[in-house]
Amino acid sequence: MSDLIRLEGINKYFGPQHALKDITCRVEKGEFVSILGPSGCGKTTLLRVLMGLEAPSSGKVYHRGEDITRQPPDKRGFSIVFQDYALFPHMTLYDNVAYGLKLKKMPAPEIRERVMNSLNTLKLGKSIDKYPSQLSGGMQQRAAIARSLVLGSDLMLLDEPFSALDAMVKVDLSGELKELQRQFGITMVMVTHDQEEAFMLSDRVFLMRQGAMVADATPRDLYRNASGDPFIHTFIVDQIDKRAKYILALNGTGGGVS
Ligand SMILES: Nc1ncnc2c1ncn2[C@@H]1O[C@H](COP(=O)(O)OP(=O)(O)OP(=O)(O)O)[C@@H](O)[C@H]1O
Ligand SMILES: [Mg+2]
């Protein structure tokens, strides 16, 4: 069985609010999966259940077939990238990336090699002595990804990793993330409310609405088979078509937009 992660019948209540409704899904090794949906639909809550930061009210989380529902985040060993980078401001880039390995008490030469590999991969090799405040937003998010990458974990969880970045940086960095995922075979689960981002990067999309998972499909199938479902049609097809028309209009050469 190649499932890296399996969620079975996950429910989460915050008081009376039913934030996750009977979520069952799986993530295969090496896949890029997006959790996509409008604001408040439960994306972050689902990711936090995966991370171990939130205990489900019912249901089970499995990692490589082992029940980890009650396991704390540090025992799971997943690497995590947040929207706001979460770098230590008083540490250089090098020390930020080395931090997790030092905690693991890895020998210094090995730390150096892994940190430099990771920073070079993210094109930050020349900035190792800089502090986060001396870096652009894009570089800070690169550093946060390098810090995750260096841990060598089998699952990287990302919560809206590009939403604080401007459009051009976003496109560059999302391309690099996909490249990393291919190159290192890392399994990635990314939360996003951005249809294009999800469609560009994902092998599979988990589409959520009001706490429920309403689709689990490849981007292509999601787009093609949306006609039977008004929510999917409005949230996916209308949004993407609107954007396509906008882009074609910008092109300005009369590409038959109607
Ligand atoms: N700790 C909490 N206590 C109470 N309610 C919560 C808590 N965390 C989340 N919720 C509620 O659960 C629902 C899902 O929230 P969640 O943050 O998972 O949504 P989201 O899809 O990530 O939204 P966004 O796109 O705005 O980040 C929301 O209605 C939210 O108000
Ligand atoms: Mg969220």
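**Sheets, helices and a ligand**

Reply: Six strands make up an open sheet with mixed pairing, in the order β6-β7-β8-β3-β9-β10. Its edges are β6 (79-81) and β10 (212-217), which have a single partner strand each, so one side of each lacks a neighbour in the sheet. From one strand to the next, the twist averages 15°. Residues are numbered from 1 along each chain as its sequence is written, while chains are lettered from A and ligands numbered from 1 in the order in which they are written. The model is predicted, with local features needing pLDDT of at least 70, side-chain atom pairs pLDDT 80 or more, and totals for chains, interfaces and linings using all residues; side-chain values use heavy atoms, without hydrogens and water.

Me: What holds paired strands together in general?

Reply: Strands of a sheet pair through backbone hydrogen bonds, in the parallel or the antiparallel sense.

Me: Why are β2 and β5 called edge strands?

Reply: The order β2-β1-β4-β5 belongs to an open sheet of four strands with antiparallel pairing. Its edge strands, β2 and β5 (66-67), each pair on one side only. Lysine 12 stands opposite leucine 20 in β2, and leucine 7 has valine 61 in β4 as its bridge partner.

Me: How do you know at what angle α1 runs to β1?

Reply: Helix α1 lies across β1, β2 and β4 (58-63), at about 120° to β1. Contact here means heavy atoms within 4.5 Å. The angle is between N-to-C directions, on a scale from 0 to 180 degrees, of axes fitted to C-alpha atoms, for helices over the stretch in contact. Helix α5 (residues 137-149) lies across β6 and β7 (155-159), at about 175° to β6.

Me: What makes a residue part of the shell around ligand 1?

Reply: One of its heavy atoms must lie within 4 Å of the molecule. Residues around ligand 1 include Phe14, Gln17, Lys43 and Thr45. The largest share, three residues, comes from α1. The shell has four nonpolar, six polar and one charged, where Ala, Val, Leu, Ile, Met, Phe, Trp, Tyr, Cys and Pro count as nonpolar, Asp, Glu, Lys and Arg as charged, and the others, Gly among them, as polar.

Me: Why does lysine 43 count as making a polar contact with ligand 1?

Reply: A polar contact is a pair of N or O atoms within 3.5 Å; within protein, one must be able to donate a hydrogen and the other to accept it, and residues adjacent in sequence count only if both atoms are side-chain atoms. A polar side-chain atom of lysine 43 is 2.7 Å from an oxygen atom of ligand 1, so the pair qualifies. For threonine 45, also through a polar side-chain atom, the distance is 2.5 Å.

Note on methods. Helix = DSSP H or I, 4+ residues; strand = E, 2+ residues; numbered from the N terminus. Pairing = 2+ DSSP bridges.
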